[in-house]
Amino acid sequence: MDNIQAAYQAGIRALQQGDAQSARPQLALVYRSDPTNQDVALAYAMALRDTLAREECAKVIDQLLEANPRHFMGLMVKADNLVAMGKRGVAGPYYQAAASLVPNPEQHPPHIQKHVERARQNAAQLVTEYEAYAERFLKDEGFAQEPGEPLNDYQHAVDILFGKRQIYMQQPIQFYFPGLPQKQFYNREDFPWAADIEAHTSSIAKEAQALVGDKAAYPPYLGSDYQGPRTGQNALDGSADWGACYLIKDGKEVDENASRCPQAMAALRQLSEHVANQDYRIALFSLLRPDTHIEPHHGFTNARLICHLPLVVPPNCALRVGNDTREWDVGKLTIFDDSMEHEAYNKSDQIRIVLLFDIWRPELSERDRTFVNSMNNAIKKFK
């Protein structure tokens with residue numbers, strides 16, 4: 001026993017002095033006498049790592065981690081050995097796991113802080129390598145994101161994989177229809193009627209702008225007809241900085257506004273057979289005044305999509321839906337799922353106006369739509 005203890009002390013001293021070659025036979029003797037001792041196993045694995053005995057190091061450290069999967073230095077040695085074996089793609093998660101075990105390294109001794117920092121740096125470097133490799137590979141396979149194009153599903157998936165984007169899910173505040181795709185923005189090209197209403201952009205914009213001088217035409221979007229609790233948590237509650245000129249509300253035309261916007265109404269009527277949720281349909285000019293921010297929020301249901309026809313859009317205006325932020329492009333529809341967290345801002349010194357209207361989710365069958373209308377009727381009548 002004295003010989004084993006002496007060998008262990010000699011091996012540790014040699015490791016501390018950076019002499020792994022001398023430490024290895026001493027620690028091998030100790031390890032053979034008690035392979036379940038985690039301190040001994042770690043020291044021996046470190047000596048094996050530093051003397052390039054990669055396969056033997058892997059066996060020893062795997063046994064240690066099997067007994068204690070949350071062993072901080074065991075994870076570090078495992079990752080180091082994988083890198084040395086040329087298995088960099090596998091090493092990253094071990095560095096990440098080690099760093100996650102010490103969320104507040106500043107509360108630990110300096111040598112622990114040093115190892116945690118090394119784990120974080122190595123993990124980040126390996127993620128960068130992984131991402132660069134994946135992007136090169138996917139580009140060769142024909143899945144590259146073209147510069148200047150809206151975020152496509154392939155790049156979206158890659159960004160989520162590498163932690164560049166958070167995952168957002170539908171969270172409507174009133175009614176959730178299960179099984180619908182978790183899709184933030186829809187391609188306008190997928191809606192055959194889109195070009196019809198886009199062709200009227202100029203004339204509709206003139207009508208929307210002509211009403212701006214009439215304060216009564218653009219009351220607060222969060223206005224006096226709201227029947228829910230007012231908690232005062234939304235800065236735009238009752239504010240004309242976010243104005244709404246309704247043309248259609250709850251499926252009915254708002255005569256005083258509709259009569260002043262014949263071009264907009266003609267375009268909307270042409271689309272009714274394609275997009276109308278007749279009982280609850282809405283269409284309005286949404287006005288955002290300079291230096292105004294619509295805070296993150298969720299819409300009422302995921303059974304619909306919201307369409308924006310951009311009419312007046314100065315620079316520094318954008319819409320974020322989930323993890324994707326896009327600027328409006330005048331005359332080109334923006335179609336999105338407002339049951340996902342979204343926000344908008346106008347950081348310019350001019351007004352921004354879009355024609356906003358809702359449409360059915362294209363994935364819903366006729367029976368699905370009948371059910372949603374019935375559910376909406378039940379909610380409305382109960383209220």
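Colleague: Where is Asp291 found?

Modeller: Asp291 is found in the loop between E4 and strand E5 (292-297). The names of such elements follow a rule: helices (H or I, at least four residues) and strands (E, at least two) are DSSP runs, numbered from the N terminus. Residues are numbered from 1 along each chain as its sequence is written. This is a predicted model, in which local features need pLDDT of at least 70 and side-chain atom pairs count only at pLDDT 80 or more, while totals for chains, interfaces and linings use all residues; side-chain values use heavy atoms, with hydrogens and water left out.

Colleague: Is Asp291 buried or exposed?

Modeller: The terms rest on relative accessible area: buried means under 20%, exposed over 50%, and partly exposed in between (1.4 Å probe, protein chains only). Asp291 is exposed, because its relative accessible area is 67%. Its phi is near 55 degrees, a positive value in a residue other than glycine.

Colleague: Which residue has a positive phi of about 50 degrees although it is not a glycine?

Modeller: That residue is Asp250. Asp250 is placed in the loop between strand E2 (242-249) and strand E3 (252-253). With a relative accessibility of 38%, Asp250 counts as partly exposed.

Colleague: With which residues is Leu48 in contact, leaving aside its neighbours within four places in sequence?

Modeller: Those residues are Arg24, Ala53, Glu56, Cys57 and Val60. Leu48 is found in helix H3 (residues 38-50) and counts as buried, at 0% relative accessibility. Distance along the chain and distance in space may be read together: Leu48 and Val60 are 12 residues apart in sequence and 9.0 Å apart in space, C-alpha to C-alpha. For another pair, Ala210 and Gln96, 114 residues apart along the chain, the C-alpha atoms are separated by 58 Å.

Colleague: Are Asp80 and Asp337 buried or exposed?

Modeller: Asp80 counts as buried at 12% relative accessibility, and Asp337 counts as buried at 0%. Asp80 lies in helix H5 (residues 72-84); leaving aside neighbours within four places in sequence, Asp80 is in contact with Arg49, Tyr95 and Arg118. Asp337 lies in the loop between E9 and strand E10 (342-346). Not counting residues up to four places away in sequence, Asp337 touches several residues, among them Lys183, Arg304 and Arg361.

Colleague: How many disulfides does the structure hold?

Modeller: A disulfide is a covalent bond between the sulfur atoms of two cysteines. Here the test is a pair of cysteine sulfur atoms within 2.5 Å, and the structure holds 0 disulfides. The sulfur of Cys307 is 18 Å from the closest cysteine sulfur, in Cys245, which is too far for a bond. Cys317 is likewise in no disulfide, since the nearest cysteine sulfur, that of Cys245, is 19 Å away. Cys307 is buried at 0% relative accessibility, and Cys317 is buried at 2%.

Colleague: What volume has the second largest pocket?

Modeller: The volume is about 730 Å³. On a 1 Å grid over the protein atoms alone, a pocket is an open set of points where a 1.4 Å probe fits, with protein on both sides within 12 Å along at least five of seven lines; lining residues have an atom within 4 Å of a point. Grid points are joined across faces, edges and corners, and a volume is the space filled by probe spheres set on the points. This pocket is lined by 30 residues, of which Pro150, Leu151, Phe185, Asn187 and Arg326 lie nearest its centre. H8 gives the most to the lining, with 4 residues.

Terms used. Contact = heavy atoms within 4.5 Å.
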